[in-house]
Amino acid sequence: MAALGNPEMLTRKIKLWDINAHITCRLCEGYLIDATTVTECLHTFCRSCLVKYLEENNTCPTCRIVIHQSHPLQYIGHDRTMQDIVFKLVPGLQEAEMKKQREFYQKLGMEVPGDIKGDLKSEDPSNKDAGEEKAEEDNDYHRSDEQVSICLECNSSKLRGLKRKWIRCSAQATVLHLKKFIAKKLNLTSFNELDILCNEEILGKDHTLKFVVVTRWRFKKSPLLLHYRPKMDLL
């Protein structure tokens, strides 16, 4: 307990270099961006790096453990805690990444998603309260997010089709959200009974719709076409 009152212990500084190995991606050797963890072994990488790697491999890049024989992308998940730690430890990293993403969308002539627009204007103290109130209102139900149009088709005779198969929702929604939505509409006992596929590939439950569009539907016309079926059902 005496150590808690020691000023030297409270003011001890740790160099970023000493912890770099814990907050960098083994694949690109840069700081983690959109940190994604392998659920089997808990090793973490940049999402884009890991997804690209898993297109031709089914093992962890660090320990080589088999993630899954045929669908390794189902067994990785966004690690929000790790990403928050990285952004807090590395000065200017989050701002720099948001700037890169804004420039990417602007270069393609696309609307910049609400979650990465950032505050590009200086704050006006007189409008601060009104601005915060408006921001809170706009964020309700993710109405300020980039939107994705989806067509949900059933490709199994064991399930019925949705009465309304066309939906529009936040690009930040995940495949798990869609599973829950479909299960509720079809009165299924559990959303875990479902697989959702894009281009005949089973999607991981933690994939955001934005991620699905960018990696599997980038050059195709809207809407995003997804199929659902009972888990392990044969096509």
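Student: Which residue is the bridge partner of Ile-150 in strand 8?
Tutor: Leu-224. This is a predicted model: local features need pLDDT of at least 70, side-chain atom pairs count only at pLDDT 80 or more, and totals for chains, interfaces and linings use all residues. Residues are numbered from 1 along each chain as its sequence is written, and side-chain values use heavy atoms, without hydrogens and water.

Student: How do strand 4 and strand 8 run, parallel or antiparallel?
Tutor: Parallel, joined by 5 bridges. Strands (E, at least two residues) and helices (H or I, at least four) are DSSP runs, numbered from the N terminus. Two strands pair if DSSP finds at least two bridges between them.

Student: And strand 4 with strand 5?
Tutor: Antiparallel, with 5 bridges. Ser-149 stands opposite Arg-168 of strand 5.

Student: Switching to helix 7. Which residues are buried?
Tutor: Val-175, Leu-178, Lys-179, Ile-182 and Ala-183. Buried means under 20% relative accessible area (1.4 Å probe, protein chains only).

Student: What do they pack against?
Tutor: Strands 4, 5, 6 and 8, plus helix 8. Contact means heavy atoms within 4.5 Å.

Student: What comes just after helix 7?
Tutor: Asn-187 takes a positive phi of about 55 degrees there.

Conventions
Buried means under 20% relative accessible area, exposed over 50%, partly exposed in between (1.4 Å probe, protein chains only).
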